Amino acid sequence: MTDKYNKRVLEVATLAGITMLESNAESYRVENTVSRILKVSHQPITEVFANTTGLFITLDGPELDEPITFIKRITYRDTNLNKIHIVNQISRDLTSGLITLEEAQKQLKTIDKSHYSERIVSYSTLLLVVAFAILLGGQTPEILLSLVAAFSLLFSYRLKAYFLLNSFIFGTVATAIVAMIIPLIIHFMGSDRPSFDIVIISVLMPLFPGTAFTNGFRDSFKGDYGAGVSKILEALIIAVSLGVGVALGLFIAKGIISWV
């Protein structure tokens with residue numbers, strides 16, 4: 001019974017850690033939350049190591065015949081602060097005795113059901129792009145073009161899901177599509193042409209890896225240089241992909257305009 005209970009604790013802790021890492025949480029925060037859950041087992045040895053692509057957990061004590069170790073590889077990451085908050089709250093409720101281990105496991109397994117729907121995400125993306133266009137001083141032409149750019153961005157999200165694109169390829173494709181379409185529209189609008197810079201900056205904002213970049217520095221300041229450097233490098237690669245995509249899109253658009 002003890003082994004079964006300890007294994008259940010380890011399963012709950014692993015599920016919590018995976019959910020947080022996939023939501024782009026800082027490595028030190030993941031280790032702190034998982035360690036908090038492991039203390040429910042009352043075993044003296046609890047080891048947790050988390051980085052960008054993996055989670056390693058070990059539980060050991062005199063009541064166990066041998067250590068129990070779980071190793072999980074993280075292949076998917078997407079920023080979701082709401083999930084991080086929910087997992088943190090579940091761990092605190094569990095350790096304070098407000099919920100049982102079984103209830104914590106059930107809540108963690110159903111956490112995706114509380115996730116925002118695809119429609120809400122799409123509306124939020126449209127609103128975010130338009131809001132940045134207004135914030136940057138865009139007038140009616142720039143705002144309307146930012147809507148076109150936002151719809152192009154939503155289309156690139158569909159391409160990412162269909163073709164299972166990685167972050168670099170997706171960033172390049174998404175910005176290339178926008179940077180190719182918008183100059184063509186501006187070219188055929190005549191003399192009163194809107195600002196391309198405002199439109200492209202507005203549509204880049206949802207793609208910029210600001211959270212990953214910040215978390216990388218936070219991990220580094222906490223002394224976890226491996227996880228910190230890997231997150232910073234990931235953010236830089238995504239940023240480079242956005243620049244490459246814009247350059248590629250402008251090159252194609254220029255070629256089409258000169259040909260027409």
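Modeller: Helices (H or I, at least four residues) and strands (E, at least two) are DSSP runs, numbered from the N terminus. This is a predicted model: local features need pLDDT of at least 70, side-chain atom pairs count only at 80 or more, and totals for chains, interfaces and linings use all residues. Numbering starts at 1 along each chain as its sequence is written, and side-chain values use heavy atoms, without hydrogens or water.

Now the sheet. Three strands form an open sheet in the order β1-β2-β3, with antiparallel pairing (at least two DSSP bridges between two strands). β1 (45-50) and β3 (68-73) are the edge strands; each has a single partner strand, so one side of each has no neighbour in the sheet. On average, neighbouring strands are turned by 5 degrees against each other, direction ignored. Strand β2 covers residues 54-60 and pairs with β3 in the antiparallel sense over six bridges. Gly 54, for one, has Arg 73 in β3 as its bridge partner.

Next, the helix. α1 lies across β1, β2 and β3 and runs at about 20 degrees to β3. That angle is between N-to-C directions, on a scale from 0 to 180 degrees, with axes fitted to C-alpha atoms, for helices over the stretch in contact.

Zoom in on Asn 6. Asn 6 sits in α1 (residues 2-22). Asn 6 counts as buried because its relative accessibility is 1%; the cut-offs are under 20% for buried, over 50% for exposed and partly exposed in between, with a 1.4 Å probe and protein chains only. Beyond neighbours within four places in sequence, Asn 6 is in contact (heavy atoms within 4.5 Å) with Ser 41, Gln 43, Leu 59, Leu 64 and Ile 68.
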